[in-house]
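Visitor: I would like to go through some of the labels attached to this model. Please give the criterion each time.

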Amino acid sequence: MPPSPERPRLPAGPVKILLIDDEPFTLRLLAHQLKALGHEDVVAHEDARDALSLLEGNPGVVDLVVLDLQMPGIDGVEFIRHLARLRFAGGVLLISGEDERILQTAHKLARAHQLRVLGAVTKPVEPAQLQETLEAMTADEGRSRRATKRYTLDELREGILRQQFINWYQPKVALSTGAVVGVETLVRWEHPEDGMVFPDAFIGLAEEGGIVDALTRPTLQRALAQARAWRDQGLVLHVGVNVSMDDLFDLSFPDFVVGAITAAGVPVESLVLEITESRLMKNALASLDILTRLRLKHIDLSIDDFGTGHSSLAQLRDIPFDELKIDRGFIHGASTNPSNRAIVEASLGMAHHLGMHSVAEGVEDVDDWTLLRTLGCDFAQGYFIARPMPGDAIVDWVRTWEPRRLQLIPA
């Protein structure tokens with residue numbers, strides 16, 4: 001098993017931090033806290049217009065912007081829009097004394113503008129929150145560079161042709177017992193120059209270019225072959241494979257799936273197809289035809305990222321899903337966020353009444369775990385349990401999980 005990742009280190013060179021808040025006391029306090037953490041290259045502005053002038057000439061001069069939302073003149077939401085216009089590539093920490101729901105909405109808005117939002121915290125900001133933000137900025141740098149690089153369709157085709165794509169797997173466990181029941185398959189691009197490239201850099205391109213099926217099919221075949229390899233080692237797991245709505249227009253797809261299962265030599269129940277409806281159906285009739293035939297062949301279907309994109313109550317009504325996966329955006333922190341908790345409870349209630357299994361994505365700490373057990377969620381996955389890993393690391397990980405499982409499940 002690969003060694004555990006080291007705690008992220010702060011950059012070797014100085015980090016330039018821009019503080020924007022109309023309250024002088026808050027600026028002095030933040031600057032003092034940052035200095036105590038070893039960061040003295042701090043510029044503070046009470047007027048957002050002055051801060052904008054600094055960035056207009058060279059947005060790359062700043063590594064981190066700490067931005068208050070409630071300000072006169074240019075407020076924080078307007079400033080987010082300017083950061084997006086300037087294509088600001090540094091980190092952004094949002095702070096506010098306003099209602100937490102407003103803060104979270106601004107967080108989502110900034111992410112929608114493709115900014116690197118490292119956190120959204122209420123005032124007063126604690127030193128530990130600043131330290132966590134600085135560490136997150138460092139840990140995120142490598143991935144951010146890969147995610148923001150724009151690949152061409154020809155580069156993607158070349159990568160597929162040269163078989164540069166591999167599968168990683170994130171374990172899924174039963175909340176009632178802690179038993180490892182399956183994995184979600186996550187595709188990675190082993191780029192010869194850029195290293196490991198994550199799906200957000202190429203899935204959308206594949207969908208737009210009409211070649212996502214060329215990614216999905218070999219990913220599914222590799223996952224089933226891995227499930228067979230685990231079985232040979234005495235480990236029975238089902239594999240979840242993400243399927244784009246763009247995969248569901250070829251009426252031969254169900255036959256391909258059955259053929260792949262047969263070729264791998266695993267039972268039908270070894271596979272769960274996770275339908276990610278990030279785009280509207282191009283051909284609703286064909287999609288319903290394919291999904292219904294898959295269920296007739298006893299292949300389980302999961303509605304992925306429920307509550308986001310185009311996933312909706314209508315899909316639960318019209319498509320025979322077996323599993324509902326609640327999006328990570330609602331799960332983490334739901335124990336202290338009343339709105340997210342209400343959404344999680346409602347989603348679990350629907351899954352229960354519809355006879356579906358429920359899966360929580362993005363379980364990141366013991367509070368998430370405890371809440372989900374209390375609410376009766378069936379399965380969970382997330383960094384608290386395990387990060388994604390290569391297939392040959394899973395067996396060893398299962399052994400290390402067993403002592404933790406015994407600690408987490410009351411006798």
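Visitor: In which helix does Thr 26 lie?

Guide: Thr 26 lies in helix α1, residues 24-36. Helices are DSSP runs of H or I with at least four residues, strands are runs of E with at least two, and both are numbered from the N terminus. This is a predicted model, in which local features need pLDDT of at least 70 and side-chain atom pairs count only at pLDDT 80 or more, while totals for chains, interfaces and linings use all residues. Residues are numbered from 1 along each chain as its sequence is written, and side-chain values use heavy atoms, with hydrogens and water left out.

Visitor: Why is Thr 26 called buried?

Guide: Buried means under 20% relative accessible area, exposed means over 50%, and partly exposed is in between (1.4 Å probe, protein chains only). Thr 26 has a relative accessible area of 11%, so Thr 26 is buried.

Visitor: Which residues does Thr 26 touch, not counting those up to four places away in sequence?

Guide: Thr 26 touches Asp 21 and Lys 123, where contact means heavy atoms within 4.5 Å.

Visitor: What is the peptide bond from Lys 123 to Pro 124, cis or trans?

Guide: That bond, from Lys 123 to Pro 124, is cis, with omega near -5°. Most peptide bonds are trans. Pro 124 is in the loop between β5 (116-122) and α5 (127-148).

Visitor: What makes α9 roughly parallel to α10?

Guide: Helix α9 (residues 253-264) and helix α10 (residues 284-296) pack at an angle of about 30°, with their axes 9 Å apart. Therefore α9 counts as roughly parallel to α10: the label covers angles under 35 degrees, with over 145 roughly antiparallel, 65 to 115 roughly perpendicular and the rest oblique. Axes are lines fitted to C-alpha atoms, for helices over the stretch in contact, and angles run from 0 to 180 degrees between N-to-C directions.

Visitor: Which residues meet in this pair of helices?

Guide: In α9, Phe 253, Pro 254, Asp 255 and Val 257 meet Ile 290, Arg 293 and Leu 294 in α10.

Visitor: Why is Arg 87 counted as exposed?

Guide: Arg 87 has 74% relative accessibility, so Arg 87 counts as exposed. Arg 87 sits in the loop between α3 (76-85) and β4 (91-96), and has a positive phi of about 55° although it is not a glycine. Most residues other than glycine have a negative phi.

Visitor: How do you know that His 298 is exposed?

Guide: The relative accessible area of His 298 is 59%, so His 298 is exposed. His 298 is in the loop between α10 and β11 (300-306), and has a positive phi of about 65° without being a glycine.
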